Amino acid sequence: MDELATVPAPWTETEFEQLDLGDARLNKRARILMERFAADPTASVPKACQGWGETMAAYRFFDNDSVDWQAIMAPHWQQTQQRMAALPVVLCLQDTTELDFNGQGAFGLGPLSYEAQRGMYLHPTYAVTPAREPLGIIDAWMWAREKKDKSGARGGPKESLRWIEGYERIAEMAAQLPGTRLVYVADREADLVPLMLRAQELATPADWLVRAKHNRCLPDGEKLWQHTSAGAPIGELTFAMAARHRVKARTVRQQLWARTVAMPAGKGKSVLATCVIAREIDAPDGVKPIEWRLLTNREAATPEALVELIDWYRARWEIEMLFDVLKNACRVEALQLGSITQLERALALFMVVAWRIAHLMRLGRTCPDLDAELFFDPDEIQAAYLLRKKTPPEKPRLNDVLRQIACIGGFLARKSDGEPGVKTIWLGLKDVHVAVETIRALRGIGALNTCV
């Protein structure tokens, strides 16, 4: 097996400290591939690797049947759980995204939303703090759908089981983290009575909070949403909604309602839940008002409790950002690999890379004064300032270095621009990586007398 010639970056050593793929050479290869992909997330596998030999070694790694993608992610799961243990509340976000490999010849793929498309599905559990700091990925499922038969039926397990199994995994983890309250957060696909009933049967070791999809009938014949919003609101919420694709930034003001209800769960069973409705008022002309209907096992007797629940639901956007980084920064849908098992091994690495990019972005906002050397190699810091034609301070802060990197990636850093997002950070990291390799090459031939 070919040796890879670069010493792994400190963050990979820490995050993959407990990596055990059954062979020290495989462990080393996994760490260095992680470093390569993190340094240049937009690059293809051949471009990220250094030379033909290393590229072939990477492909052999992905093709190695003795490497289990779950074993690749296991140390990250363990590190994430350690980060969770230090916090009183952790939000466990779940969602599904489809990965489109249409036109590629990878074996084992299946249909997507449209039967003619070919690809696979990814369903991770993403742990974040209530302040939206990404802690890491704690669980994941990857699969391809079976084709429909002549009757239009599709084989394989029901995909709705992923949501229930996801809660069960979080419930198991809750027993290992007695000092941390875990909250399962998901969108409308998780509005499943079997999920809520399962949580109730387990005595709800982890809270759950899902966006309601169904306006269910209650035992007295009323509809859930109308029953909840009857009467005067019990509170209000105002928040700033950031600009998104074709949507302008604006201030949103919502009125809040909540009711505890017993929802029928079949065969004489019922599920006790709190329904929360947040309805926008005074929306601008021509803009559809934002209305959220949520279900949870938690009580919400005060306006403060309602606002907390809605803030937790709004944090669900972080998993959408994770998917955006995977698809547009890491460009996983452009991977040229021969089978779904090879893709799974590559995706295991890229999920950790995507987390790290999102983690750096959030920490730069929430903990700007942290020492940058906790997250970046000194050569990376030097390269960021060098490309900006600036002199680094004696003790650079995390936010300072991230802003330099983002400016390299196109962030303008005007007063009105706020803090950089993940896109300019990943684009900047790409150029910083090239500069780091140049610095190290010059140092290697004695052309640099100092690394300051």
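Predicted model: local features only at pLDDT ≥ 70, side-chain atom pairs only at ≥ 80, totals over all residues.
Residues are numbered from 1 along each chain as its sequence is written, and side-chain values use heavy atoms, with hydrogens and water left out.

On a 1 Å grid over the protein atoms alone, a cavity is a set of points where a 1.4 Å probe fits but cannot get out; a pocket is an open set with protein on both sides within 12 Å along at least five of seven lines; and lining residues have an atom within 4 Å of a point. Points are joined across faces, edges and corners, and a volume is the space filled by probe spheres set on them.

The whole structure has two cavities of 30 Å³ or more. What lines the second largest cavity, at about 30 Å³? Its lining is Met361, Gly364, Arg365, Asn399, Leu402, Glu419, Pro420 and Ile425. That splits into four nonpolar, two polar and two charged. H11 gives the most, three residues; by the way, helices (H or I, at least four residues) and strands (E, at least two) are DSSP runs, numbered from the N terminus.

Now the largest pocket, with about 1,200 Å³ of space. It has 31 lining residues, and Met241, Ala242, Ala243, Arg244 and Trp317 lie nearest its centre. The lining holds 14 nonpolar, three polar and 14 charged residues. Helix H10 brings the largest share, four residues.

Next, helix H5, residues 69-85. Its 17 residues reach 25 Å from first C-alpha to last, close to the 24 Å expected at 1.5 Å a residue (that is 1.5 Å times one less than the number of residues). Where does H5 bend? At proline 75, by about 30°, taken as the angle between axes fitted to the seven residues ending there and the seven starting there. Aspartate 68 caps the N-terminal end of H5, with a side-chain oxygen 3.0 Å from the backbone nitrogen of glutamine 70. Several H5 residues are buried, including Trp69, Pro75 and Trp77; buried means under 20% relative accessible area, exposed over 50%, partly exposed in between (1.4 Å probe, protein chains only).

Last one: arginine 36, in helix H2, is buried too, at 2% relative accessible area.

Conventions:
Nonpolar A, V, L, I, M, F, W, Y, C, P; charged D, E, K, R; others polar. Polar contact = N/O pair within 3.5 Å; in protein donor to acceptor, adjacent residues only side chain to side chain.
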